[in-house]
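My notes follow in the order in which I looked things up.

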Amino acid sequence: MCLAIPMQVDSVDGFEARCSAKGIERTVSLFMLQKEAVAPGDHVLVHVGYAIQKITPAEAQSTWELLDEALAQEALVAQA
Amino acid sequence: MSGSAQHWLEALRGLTLPRPIKILNVCGGHERSIALAGVRSILPRNIELIPGPGCPVCICPEEDIYEAIQMARFDGVTLVAYGDMLRVPVNAPRREPRSLEQARAAGCDIRAVASPKEAVAIARAQPGKPVVFLAAGFETTSAPAAAMLAEGAPDNLFVLLSGRRTWPIVAQLLASGDVGFDALVAPGHVATIMGPEEWQFVVDKHQMPAAVAGFSTDSLLAAIYSVARQFIAGRPFLDNCYTMAVKPGGNALARAMIERVFDIEAGNWRGIGMVPDSGYALRPEFQAHDARRRFPAHGDAARKRAGEMPPGCDCAKVVLGRIYPNECRLFGAACTPRHPIGPCMVSDEGACRIWWASGVREGPLARQHASA
């Protein structure tokens, strides 16, 4: 339940942002990052619909690779 | 495995430990990464990894879920909860629903949400009907619930607060006199919100090695290496192996929201009991949104096994890191993800569910590893 997923910010409207990752789009609250400048193109860690921290593009990429690996592993076990 | 993970593994294999060590993690996300990547099987045999109290769904008070079910049955509310909560079994009498899912099947208005924002949207869409949000979770998940209230929630939205703080349960384990571990891997996303400093007491008060870890094999192996090195050197310090997300002080604004919305009080942990300073209560200015104040208690003091784990289930010992999931006699036999008996087999963050998902079916695999 504590896992946060990296997403890229597509647009910002007040405390809300449209974010995407792997073709999935979500509205994400920036309420907990309102003191930071968040702009389209930035990457954020998202947990239960709230951005909790800004991260770099490289960090987002490496986290996604990890999640892909974990999902693939889980699918493999499920088939076995 | 990445080059960096390989590097940490080689470094770990080069260490000479004075005796075998046990390292506790307190995060379902960590346990998931460890189990799925098969980290236990590649580590030197004198390093044992123990999954501890890292599943907020598993330790959510049974009474709170029972209460939520009764609100949905008798108070005409829409009950919303994170999806993992719906299948958690409670010890209700026969002929009564024994989970939120069963209550929904019996006609109650119960819905899974993935965000506090969805709870707000549901409440706005039906202004005449109360919505109760069963808000379980550790700090990472409690902060968004606080943010939701701080931002302003509709009058018909009520919170059944079940959030828990993680460091106090570790403090209780360390003070118990029966400490079953030598080092701690601290939870990365809790520290993202709260800052790594919360875990300094492990080092200062208990002279125990500690490192905050992220969720990649790299970061976890780096943290395992760090605490093993600290153990060998006899000089524990709090390391941060997840600097990408964990900054000094954490997310200060999120912490301020938690403080503005919640008071700290003792919290009940299923199968464990009351843990000082581990729970939240709504502060007076937010009590208009307190589901417990708005709706009369349905608690039944005479209810059998109230607060306990289901009969025969060893989830309480699993949560405390006293036994491994597959040492429970129900694991893989009576208790499987399809027919879960205990909460640790229900939640994606429960150690039993994670071990099952990583291919453990039965047998004392971990014990062999530990005693080898």
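**Notebook: chain B**

I began with contacts in chain B between residues at least 6 apart in sequence: 76% of them join residues at least 24 apart. Two residues are in contact if their C-beta atoms, placed from the backbone, lie within 7 Å.

I noted the ground rules. This is a predicted model, where local features need pLDDT of at least 70 and side-chain atom pairs count only at pLDDT 80 or more, while totals for chains, interfaces and linings use all residues. Residues are numbered from 1 along each chain as its sequence is written, and chains are lettered from A and ligands numbered from 1 in the order in which they are written.

**Overall form**

I found 18 helices and 11 strands in chain B. These are DSSP runs numbered from the N terminus: helices are H or I of at least four residues, strands E of at least two. The radius of gyration of chain B, taken over C-alpha atoms, is 21 Å, close to the 21 Å of the globule rule for 372 residues, so chain B is as compact as a globular protein of that length. That rule is 2.2 Å times the number of residues to the power 0.38.

**The open sheet**

Next I traced an open sheet of four strands in chain B, in the order β4-β3-β5-β6, with parallel pairing. Two strands pair if DSSP finds at least two bridges between them. The edge strands are β4 (110-113) and β6 (157-161) of chain B, each pairing on one side only. I checked β5 (residues 131-135) of chain B against β6(B) and counted five bridges. In one pairing, B:F133 has B:V159 as its bridge partner in β6(B).

**Helix α9**

Which residues of α9 (residues 167-175) of chain B are buried? I listed B:W167, B:I169, B:V170 and B:L173. Buried means that 20 or more other C-beta atoms, placed from the backbone, lie within 10 Å of the residue's own. Down the axis of α9(B), the buried residues fall within an arc of 160°, so they line one face of the helix. The arc is that of the directions from the helix axis to the C-beta atoms. Their cover includes β7 (183-187) and α11 (200-206) of chain B.

**Contact with chain A**

Last, I looked at the contact between the chains. Chain B gives 38 residues and chain A gives 25 residues. On the side of chain B that touches chain A, α8(B) gives the most, with six residues.

Methods: Buried ≥ 20, exposed ≤ 12 C-beta atoms within 10 Å, placed from the backbone.
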